[in-house]
Amino acid sequence: METRMLGNTGLAVSEFALGTMTFGDRTDEETAFRMMDRYAEAGGSLIDTADIYNLGASEEIVGRWLASRTDEAEDMVLASKARFGTGERFGPNSRGYGRKQLHESLDGSLRRLGVDAIDLYQLHAWDPLTPISEALRFLDDAMAAGKIHAYGFSNFTGWQITKAVYEARLHGWAEPASIQPQYSLLVRETESEIMDAADDAGMAVLPWSPLAGGWLSGKYTKDDEPDTESRFAGRVANLQSSWEERNRDPRTWRVLAELERIGTERGASIPQVALAWTAAQPCVTSVILGARTLKQLEENLGASGLRLTATELDALGRLSAPQLTEYPYGRPALEQRSREV
């Protein structure tokens, strides 16, 4: 598996990361261990979790695996997140990223993971009630104390990323290393601001939901209701477009048809081609695989050896281009911001 540098840090990570949101819920501990074993065997080196994942159960499972696999643990870059708490408490200071909350969240994550330091500690989303400077000062102090090695963000917008970067620079604090946005062939609006903001700051981009909640796995067929095992059972998945929206969008089916065509020619599956496209984007460092089963993980890992041609990347890029309004991200506005020498 290809190795890439994590933004402005000295950490090296694999081109595919292992997401653990289902660990302790839809993925039991035995299966989770087998998945982490297989991921490590394939050369993977970035495991991503969060304190909110299943009331901390995900972190606990990852921690027990790390403790039982000391050789593999040495090569892993461990990432976790804070902002929403574990869900065990619901007081006003049990969520957000005020200093008190982050202090308790970090210590809780370290305890559940059974480690002295977390390699990449991430703010899970923007907190409109807490000054970003309070969180950044805490993160800088945590790095100085050796509790974290780097920090990043998840689900921040472009202006939020840039504000945080320049706030850190103003005070001489450590700068953020990464951003975790939703990004796939069906969710490319991220390119409008977030990718540029990350690139300007030298931050790594770690896309989540690269298969668009399973739509790019090829398991859905037009107008057929999602089955009960699907994350779209009930037609709506967290932070995703509804089943109806995706089903009636012609772009969905154009992209899937092209993925199938390329896959047939290359001897690859639809999700492998979709993942290979995401990993090949110049802004992307490591793509988070959110597999629920070992079988799904095995298939997804097959994308690590697949390199799409420029023609294939261009075809998928054209077919998946989002419909943008004319301002501020449409063609007239983009032309206004560009020039030739």
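**Close-up views of a predicted model**

**View 1. Leu 216 and its surroundings in the nonpolar core.** In this predicted model, Leu 216 contacts Ser 184, Leu 185, Leu 186, Pro 210, Leu 211, Val 255, Leu 256, Leu 259, Ile 270, Pro 271 and Ala 274, leaving aside neighbours within four places in sequence. The largest nonpolar core has 96 residues, and Met 36, Leu 216 and Leu 259 are the ones that touch the most other members. Helix 10 (residues 270–280) gives this core its largest share, seven residues.

View 2. Lys 81 is buried at a relative accessible area of 0%, and Asp 48 is buried at 4%. Gln 180, in strand 8 (residues 178–180), makes a side-chain polar contact with Asp 48 (2.9 Å). Gln 180 counts as buried because its relative accessibility is 3%, under the 20% cut-off.

**View 3. A salt-bridge network around Glu 15.** Take a look at Glu 2, Arg 4, Glu 15 and Arg 307, which salt bridges link into a network. Within it, Glu 15 and Arg 4 pair at 3.7 Å between the closest N and O atoms. Both Glu 15 and Arg 4 are buried.

View 4. Arg 331 and Glu 335 meet through their side chains at 3.2 Å, N to O. They sit four residues apart, about one turn of helix 13 (residues 331–336). Arg 331 is exposed at 59% relative accessibility, while Glu 335 is partly exposed at 46%.

Methods: Residues are numbered from 1 along each chain as its sequence is written. This is a predicted model: local features need pLDDT of at least 70, side-chain atom pairs count only at pLDDT 80 or more; totals for chains, interfaces and linings use all residues. Side-chain values use heavy atoms; hydrogens and water are left out. Helices (H or I, at least four residues) and strands (E, at least two) are DSSP runs, numbered from the N terminus. Buried means under 20% relative accessible area, exposed over 50%, partly exposed in between (1.4 Å probe, protein chains only). A polar contact is a pair of N or O atoms within 3.5 Å; within protein, one must be able to donate a hydrogen and the other to accept it, and residues adjacent in sequence count only if both atoms are side-chain atoms. A nonpolar core is a set of buried Ala, Val, Leu, Ile, Met, Phe, Trp, Tyr and Cys residues joined through side-chain atoms within 4.5 Å. Contact means heavy atoms within 4.5 Å. A salt bridge is a side-chain nitrogen of Lys or Arg within 4 Å of a carboxyl oxygen of Asp or Glu.
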